[in-house]
Amino acid sequence: QVLLASCTMTPLAGFPFALDGALVFDGGLTDFQPQLKRSGTAPAHTITISPFYCSSADIRPSRYIPLWWALYPPRREDFAWIYHLGYDDARSYLARNHFAPLPSSVSGAAA
């Protein structure tokens, strides 16, 4: 039931329903980028990631990705460049913020 609620994206895929007396649906509708809160004196470090170019997330595509690809997947030929774009964008973020670097190439992925 909980997994079903996390897949509910009204009006495209299902509708909210009652679970243990509460109305449930995918939290992405209300809190798309949840972030950790500070606890005590330790700062919270949440790295936000989004598949959307127009987002304010820390890691997001550096090239425009059509928004409709979130609902209707692109052609199979587009998967490789999208994968490499995401990998390179993550590497760039990590380098800018002084994290340990990722390898420059991705093994096992088609170029």
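**Salt bridges and ring contacts in a predicted model**

Tyrosine 64 is partly exposed, with a relative accessible area of 47%; buried means under 20%, exposed over 50% and partly exposed in between (1.4 Å probe, protein chains only). This is a predicted model, in which local features need pLDDT of at least 70 and side-chain atom pairs count only at pLDDT 80 or more, while totals for chains, interfaces and linings use all residues. Residues are numbered from 1 along each chain as its sequence is written, and side-chain values use heavy atoms, leaving out hydrogens and water.

Me: How many salt bridges are there?
Reply: A salt bridge is a side-chain nitrogen of Lys or Arg within 4 Å of a carboxyl oxygen of Asp or Glu. Arginine 75 meets glutamate 77 at 3.8 Å, N to O, and aspartate 78 at 3.2 Å, N to O. The count by this rule is 2.

Me: Is aspartate 78 buried or exposed?
Reply: Its salt-bridge partner is arginine 75, which is exposed with a relative accessible area of 53%. Aspartate 78 has 8% relative accessibility, so the residue counts as buried.

Me: What is the geometry of the pair formed by tyrosine 53 and tyrosine 64?
Reply: Rings of Phe, Tyr and Trp (its six-membered ring) pair if their centres lie within 6.5 Å; planes under 30 degrees apart are stacked, over 60 edge-to-face, and the rest tilted. The search of the whole structure finds 3 aromatic pairs. For tyrosine 53 and tyrosine 64 the centres are 6.3 Å apart and the planes at 80°, so the pair is edge-to-face.
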